[in-house]
Amino acid sequence: MTAKNFVGSYFDKDRMTTIQYPEERKEPEQNYRNFPFLVFDKDADHLRCVACKICETECPPQCIYIEVMRDEAGKIIKQPKVFDIDYTVCMGCQICVEACPFDAIKMDHEYEFAHENRFTGLLMSKRELAKSNDYFHSIKPAEATEVDVRLAEEAAKKKKPAPAPKPTAAVVPAVAPKPATTAPMITVPDDAPFSPEQRVWLQKFLSQVAVASPGKPPAPTGAPDAGKASDAPTAVEAPTEEENPDLTNDAPWHDPEKDIGSRMGMVQGKPLAVKLYAAMGQTDCTACGYDCKGYAMALAAGAEKDPSLCVPGADETAAKVKELLDQAGVKYNA
């Protein structure tokens with residue numbers, strides 16, 4: 001076999017497995033992976049990453065370090081201020097890629113990272129990690145196209161329909177004044193055991209009683225089901241965030257850099273939904289299918305039964321959520 005490949009390599013290039021590196025370089029396959037990089041669509045200052053810290057939490061060798069960006073008022077901006085990966089520790093497992101719900105981190109094809117500084121030479125910062133979506137397409141076209149299609153579909157689902165135009169004053173009919181209530185004519189059958197005078201008096205009396213009664217008026221003759229539509233329950237509009245300031249993104253505990261103990265101290269004596277909100281990871285990563293306050297409200301209402309969906313909060317959040325649900329007597333899936 002050795003002799004066959006040796007002789008055949010002079011005639012068949014596929015048998016020539018040796019590459020004269022560094023003059024020659026083999027093109028990596030699409031599924032090849034080495035180290036992670038961060039994807040951006042428009043420019044390097046606007047990454048897909050929202051600093052949810054899921055990859056930092058899930059990384060087995062703990063080689064990822066993230067800090068959340070804030071504005072001048074201290075409010076969280078969904079972008080990383082610091083995003084470092086130590087390539088000397090990274091083992092190329094791709095768990096960060098699998099855990100990211102935003103397709104913001106992918107595995108690169110680059111492999112030439114030799115450096116004379118053994119301590120910080122391979123500590124990659126956000127600026128060094130940021131690469132365009134076009135670059136992602138150039139190394140992994142199939143995966144990049146699949147991601148683009150999925151992100152476009154998700155964006156279309158989240159896009160709210162345009163609000164219907166409000167009717168102008170010219171087309172809004174004026175509210176007509178209520179007509180004076182008149183007594184419905186209740187007819188006493190002719191074969192009833194009353195004289196004509198008694199029948200007339202009784203008809204007037206029953207008609208007046210029907211108007212004064214707070215109950216619903218009697219159904220007209222021949223329509224025994226009339227009025228049933230009014231018995232249907234009326235939908236009650238859910239309170240808006242403005243009506244409950246504890247369930248907004250401006251709540252003081254909505255800060256992933258505050259530990260869970262200090263967050264829970266801020267919500268002493270508040271309703272269950274607010275306490276659950278404070279127990280979340282506070283990154284609004286939507287890996288659970290909700291944002292933080294949405295997940296808390298769904299758990300408090302019993303619409304969501306799984307208390308362990310918060311990935312950034314991990315076991316700490318799950319334990320606190322179960323404790324709060326137990327105290328409130330809300331059932332959930334153990």
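This is a predicted model: local features need pLDDT of at least 70, side-chain atom pairs count only at pLDDT 80 or more; totals for chains, interfaces and linings use all residues.
Residues are numbered from 1 along each chain as its sequence is written, and side-chain values use heavy atoms, with hydrogens and water left out.

Now, the cysteines. A disulfide is a covalent bond between the sulfur atoms of two cysteines; here the cut-off is a pair of cysteine sulfur atoms within 2.5 Å. Searching the whole structure turns up zero disulfides. Take Cys-90: its closest cysteine sulfur, in Cys-63, is 4.6 Å away, so that's too far for a bond. Cys-93 is in no disulfide either, with the nearest cysteine sulfur, that of Cys-59, 6.2 Å away. And Cys-90 is buried, at 14% relative accessibility.

Next up, Asp-148. You'll find Asp-148 in helix α6, residues 141–158 (helices are DSSP runs of H or I, at least four residues, numbered from the N terminus). Asp-148 is partly exposed, at 26%. Its side chain makes polar contacts with the side chains of Asn-133, at 3.3 Å, and His-137, at 2.5 Å. A polar contact is a pair of N or O atoms within 3.5 Å; within protein, one must be able to donate a hydrogen and the other to accept it, and residues adjacent in sequence count only if both atoms are side-chain atoms.

Definitions and conventions
Buried means under 20% relative accessible area, exposed over 50%, partly exposed in between (1.4 Å probe, protein chains only). Helices (H or I, at least four residues) and strands (E, at least two) are DSSP runs, numbered from the N terminus.
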